[in-house]
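Take a moment with the sequence and the 3D view. Then follow the text from one contact to the next.

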Amino acid sequence: MTEPQTRRERRRAEEAEAALQSETAAVEEGAAIEEAAPIKEKDTTASPDDEGVDLGEWVRALPDEAVRWATTVKRATYSFAVLRIIYGFIILLVLVTSFADRQYLWGIGSRFIDPVATTRGYPFFFEAIFNKSNAVVFDIAYFLLAIFALAFMVGFLTRLSGMLTLLFWIGVSVNSTLLTNGGDTVLRITLLFALFADLGRRWSVDEWLRSRGRLLKRPEWMPRTPDWLGPLAHNTALMLCAYQIILIYVSSAFLKLQGVEWLNGTAVYYSLALDVFRPFPWLNDLATMWDFPVIALTWMTMVLQLLFPVLLVWRPTRIAALIGITGVHLGIGLFLGLWPFSLAMIALDFLFVRDRTWVWAVAELKKRVAQFRERKLVSP
Amino acid sequence: MAAILVLLYVVLSVAYVMPPGNVKNALGGYAALGRPYFSQSWNVFAPNILKANIELEFQAQWYDSSGELVSSDWISATDLETAAVAGWPVPSRIVKQSWNLIKAYNTRFIELNADQRDVVRDTFIRSVGGEFTTLSTEAVEEKLNDLGDNPGDVARLVRYDALMKEYVTYLATAYLGEDIARVRWRLFTQRPNDFEHRLDEAQQFEPDIRQFGWRLATERILPEVLAVYEEVVRRGGGGASDD
């Protein structure tokens, strides 16, 4: 490798060196996360079937193991960061794409739906947030929601911006019974759970501020919470979100198994044939020209959903399941235009990606970027 | 405590998604605790996948300068809404408005018995002493209840009929630019070819039309609300010039 000659080349070389050091630090952090993982996770040999292992002892140890899992380390912190980013993005996406129609859909033009919308049982203050009597007041709430969602997405004052985002998101949703879809439902439920997680710990403005000592610290007079409470709340949120996605897949799969079009492999065609779900009609028509892809996709969707919880147990099948189901959701977004639903499901699927996998992936990415830059420096 | 909370939610959510039956009925009271926030149903596209394109179409009448009652053509509210966002990879929620509206109305309609449906398909307008008036909400409910023993279904349909009338009145006023006197709507259903015939040029199925009777238009039209509908009509490429 030739010595960098110009100032630019010297700077690039320094950046490449810094990237390599960062990668090393990330790998070490991953090792630290692994280190903090309980010894029991590394020791997979003990099972009820092993010679000399007392089944009763193993079963009696399970509650302690579960408690230790839930109360020592916050799990899936990177996945929760990705969920935060995606959820904030989803809300912004809806607000931006529906901006021109906002008064028609949720504002003063939607008063006709009030006889039905107000009977759903939400507390009155949700309906008060997005006012239907005054377009200006409605717009203020609309812009506030966008600001809160942006702050939440980037992880600034994460817990506060998350709560406000959820509050305002419900406020706009309850204004009409005609516009919500599955993505709104799953986002509404799981965002409430996720607010109990440490969503701002990774890849956030809060993390950046915290590293520089600029985030507000807990006042001295405020009593300190027990060390186990944070991880317990965080991991309980994780369990609830993970359970929710599994519930959706399994219940949906059982329903599909009762449908003629699902069993005969043609359901994907009918989904793609409806005008309301065809942002690009030519693309949908192209996708359904041949029998095999339609039948294969129909069955793959059903099988993946039905077997999802089982596939999660073993790492190779977990990886395959996550890749497959992510592909299904990307297809739903692309072909049916249901991006809010697709992205929400992808965000929840990513909760099954371990922190050390994220650390490895980021380190790999940085390494490849550094290698690319180095090659550019070297090549004439 | 955390385990209890998780378990509680598991039971609650299962109560929502499981099929109707004894277990669901037994959990009904408990499930009510979580409504509406945790209500959920994952039966979209399954088991019965939607196999038809549906549209809400409306027609309106108004009095011209000579006092004659003039009728418009049938206008597709669904086309108006989707035209504004055609080709968008992430369309606005507008594509769901009239689509879900007519679906919800039709769902309530098919809950009625045959005699009740005939009433809903008929006009609610009556001529009294040379003046046109409409059956009141209470009168419609009474009439429908006399024909069946399903007051809940009747109430739901009547409520939805009133809001459909208001929605269609605003849209018709915005589209036609007239002082609308009467409105009516219909569900237009067009089923795409079946999988085996998907590459055929010819349409396999005839459109299905379910038409509902005339209603007197909503009297009070608020200018600021009308302006919103006029903007939607404008962006959808519609308007009075398209008559």
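Which side chain meets Asp198(A) in a salt bridge? The partner is Lys74(A), at 2.9 Å from N to O. A salt bridge is a side-chain nitrogen of Lys or Arg within 4 Å of a carboxyl oxygen of Asp or Glu. Asp198(A) sits in the loop between helix 10 (182-194) and helix 11 (205-211) of chain A, and Lys74(A) in the loop between helix 3 (55-72) and helix 4 (77-97), so the pair ties together parts that are 124 residues apart in sequence. Helices (H or I, at least four residues) and strands (E, at least two) are DSSP runs, numbered from the N terminus. Asp198(A) counts as buried, at 15% relative accessibility. Buried means under 20% relative accessible area, exposed over 50%, and partly exposed in between (1.4 Å probe, protein chains only).

Some ground rules come next. This is a predicted model, in which local features need pLDDT of at least 70, side-chain atom pairs count only at pLDDT 80 or more, and totals for chains, interfaces and linings use all residues. Residues are numbered from 1 along each chain as its sequence is written, chains are lettered from A and ligands numbered from 1 in the order in which they are written, and side-chain values use heavy atoms, with hydrogens and water left out.

Back to the charges. A search of the whole structure finds 20 salt bridges over all chains. Take Asp101(A) and Arg235(B), whose closest N and O atoms are 2.5 Å apart. Asp101(A) lies in the loop between helix 4 and helix 5 (102-105) of chain A, and Arg235(B) in helix 9 (residues 223-235) of chain B, so this pair joins two chains. Asp101(A) is buried, with a relative accessible area of 1%. Arg235(B) is partly exposed, at 24%.

Now look within chain B. Asp161(B) and Arg215(B) form a salt bridge of 2.8 Å, N to O. Asp161(B) belongs to helix 8 (residues 151-176) and Arg215(B) to strand 8 (residues 215-216), so the pair ties together parts that are 54 residues apart in sequence. Asp161(B) is buried at 5% relative accessibility. Arg215(B) is buried too, at 1%. Salt bridges can also share partners: Asp101(A), Glu231(B), Arg234(B) and Arg235(B) are joined into one network in this way.

Strand 8 and strand 6 (residues 180-190) of chain B pair in the antiparallel sense over two bridges. Two strands pair if DSSP finds at least two bridges between them. Strand 6 of chain B has other partners. Strand 1 (residues 53-63) of chain B pairs with strand 6 in the antiparallel sense over 10 bridges. Four bridges join strand 6 to strand 7 (residues 208-211) of chain B, again antiparallel. Follow Phe188(B) in strand 6. Its bridge partners are Glu55(B) and Ile209(B). How many residues of strand 6 of chain B are buried? The count is 11 of its 11 residues.

Next comes the nonpolar interior. In soluble globular proteins, nonpolar side chains tend to be buried together. A nonpolar core is a set of buried Ala, Val, Leu, Ile, Met, Phe, Trp, Tyr and Cys residues joined through side-chain atoms within 4.5 Å. The largest one here has 158 residues, and those with the most contacts inside it are Tyr87(A), Leu101(B), Tyr160(B) and Tyr167(B). Helix 8 of chain B gives the most to this core, with 14 residues. Contact means heavy atoms within 4.5 Å. Beyond its neighbours within four places in sequence, Leu101(B) is in contact with residues including Phe112(A), Ile113(A), Tyr160(B) and Tyr167(B).

Finish with chain A. Buried residues make up 48% of its 380 residues. Ser98(A), in the loop between helix 4 and helix 5, counts as buried at 1% relative accessibility. Leaving out residues up to four places away in sequence, Ser98(A) touches Leu105(A), Trp106(A), Tyr142(A), Ser92(B) and Arg93(B).
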